Amino acid sequence: MADSTTELAEVGVVTTVLEKFSTNLAQIARANEIPDSASGFRKENDAEHSFELALVAIAVADLIDPGLDRGLIARLALIHELEEVYCGDVSVFDSASRSETRALEKEAAEIRVLHDLDTLPPSISADFRAYMAMDCDEARFVYALDKIIPFFHVLQNGRHHARPTFSEYQESCVVARRKVSKFPKLLPLFDQVFKEVGSRLASLNGDAISDVS
């Protein structure tokens with residue numbers, strides 16, 4: 001049986017995770033929408049997104065690269081956006097200039113997260129640092145897949161949350177593809193879903209699809 005010191009330490013860990021991260025992540029509205037039975041569509045929150053990414057990642061990992069560690073992938077996906085507690089959502093559909101500005105805000109937020117993680121078991125901080133460093137295939141896989149899933153939401157919803165012009169959509173996709181290229185094995189999936197979303201937007205705008213590679 002655990003002694004009272006251990007029990008108190010565990011209470012502190014649970015409290016910190018709830019107060020610093022999980023509760024706050026559930027209040028961070030992302031740019032993309034998900035179906036909602038009451039209102040038709042609503043903004044997805046970061047807690048939902050993190051679970052979704054973890055589930056999709058472990059489901060497709062073996063199809064993309066059987067050598068990937070699915071356990072590590074799940075851990076990284078669950079903590080991959082802790083910094084958004086402090087900086088808010090960073091959308092894959094941002095323009096190049098907007099993406100650069102948000103990247104600086106994200107770096108500052110990551111420092112604050114590392115300070116918070118000092119009060120938790122070191123394994124969590126190690127996972128977050130590994131994701132920040134992008135120094136393993138699993139981190140790069142999670143990072144790249146994270147940039148692809150929003151395109152599937154657009155297909156699922158039958159509409160783009162930002163209502164972009166076709167040229168605006170293509171500009172954001174150039175930035176997104178550059179990020180996905182950190183794990184090249186996911187580029188075919190990105191290219192396929194990019195073209196499918198683009199075709200639907202083009203049909204509305206009367207534009208022609210062009211390659212972003």
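This is a predicted model: local features need pLDDT of at least 70, side-chain atom pairs count only at pLDDT 80 or more; totals for chains, interfaces and linings use all residues.
Glu 138 is found in helix 7, which covers residues 137-157. Glu 138 is buried yet takes part in no salt bridge, and the nearest side chain of opposite charge, that of Arg 140, is 7.0 Å away. What the side chain of Glu 138 does have is a polar atom 2.9 Å from the backbone nitrogen of Asp 69. When residues up to four places away in sequence are not counted, Glu 138 touches Gly 67, Leu 68, Asp 69, Leu 72, Ile 73 and Leu 76.

Asp 69, whose backbone nitrogen lies 2.9 Å from that polar atom of Glu 138, also caps the N-terminal end of helix 3, with a side-chain oxygen 3.0 Å from the backbone nitrogen of Gly 71. Helix 3 spans residues 70-79, and its buried residues are Leu 72, Ile 73, Leu 76, Ala 77 and Ile 79. These buried residues pack against helix 2 (46-64), helix 6 and helix 7. Leu 72, Ile 73 and Leu 76 are among the residues touched by Glu 138, and Glu 138 itself belongs to helix 7.

## Salt bridges

The model holds 17 salt bridges. In one of them the side chains of Arg 30 and Glu 44 meet, with 3.1 Å from N to O. Arg 30 lies in strand 1 and Glu 44 in strand 2 (residues 40-45), so the pair ties together parts that are 14 residues apart in sequence. Arg 30 counts as buried because its relative accessibility is 6%, and Glu 44 likewise counts as buried, at 3% relative accessibility. Arg 30 and Glu 44 belong to a network of salt bridges that also links Asp 46, Glu 81 and Asp 89.

An α-helix has 3.6 residues a turn, so residues three or four places apart point the same way. Arg 140 counts as partly exposed at 22% relative accessibility, and Asp 137 counts as partly exposed at 36%. A further salt bridge joins Lys 147 to Asp 146, the closest N and O atoms being 3.2 Å apart, and in this pair Lys 147 and Asp 146 are both buried.

## The largest pocket

The largest pocket has a volume of about 680 Å³. Its lining is made up of 31 residues, of which Ala 103, Lys 106, Tyr 143, Lys 147 and Lys 179 lie nearest the centre of the pocket. The elements that give two or more residues to this lining are strand 1 (29-36), helix 5 (96-117), helix 6 (122-133), helix 7 and helix 8 (166-180). Helix 5 contributes the largest share, with 7 residues.

Lys 147, one of the residues nearest the centre of the pocket, is also the partner of Asp 146 in a salt bridge.

## Loop residues with positive phi

Most residues other than glycine have a negative phi. Met 134 is not a glycine, yet has a positive phi of about 55°; Met 134 lies in the loop between helix 6 and helix 7. With a relative accessible area of 15%, Met 134 is buried.

Arg 163 is likewise not a glycine and has a positive phi, of about 50°, and its place is in the loop between helix 7 and helix 8. Arg 163 counts as partly exposed, because its relative accessibility is 48%.

## Leu 18 in helix 1

Leu 18 is found in helix 1, which covers residues 4-25. At 45% relative accessibility, Leu 18 counts as partly exposed. Leaving aside neighbours within four places in sequence, Leu 18 is in contact with Thr 23 and Asn 24.

Note on methods:
Residues are numbered from 1 along each chain as its sequence is written. Side-chain values use heavy atoms; hydrogens and water are left out. Helices (H or I, at least four residues) and strands (E, at least two) are DSSP runs, numbered from the N terminus. Buried means under 20% relative accessible area, exposed over 50%, partly exposed in between (1.4 Å probe, protein chains only). Lys and Arg count as positive and Asp and Glu as negative; His and the chain ends are not counted. A salt bridge is a side-chain nitrogen of Lys or Arg within 4 Å of a carboxyl oxygen of Asp or Glu. A polar contact is a pair of N or O atoms within 3.5 Å; within protein, one must be able to donate a hydrogen and the other to accept it, and residues adjacent in sequence count only if both atoms are side-chain atoms. Contact means heavy atoms within 4.5 Å. On a 1 Å grid over the protein atoms alone, a cavity is a set of points where a 1.4 Å probe fits but cannot get out, and a pocket is an open set with protein on both sides within 12 Å along at least five of seven lines; lining residues have an atom within 4 Å of a point. Grid points are joined across faces, edges and corners, and a volume is the space filled by probe spheres set on the points.
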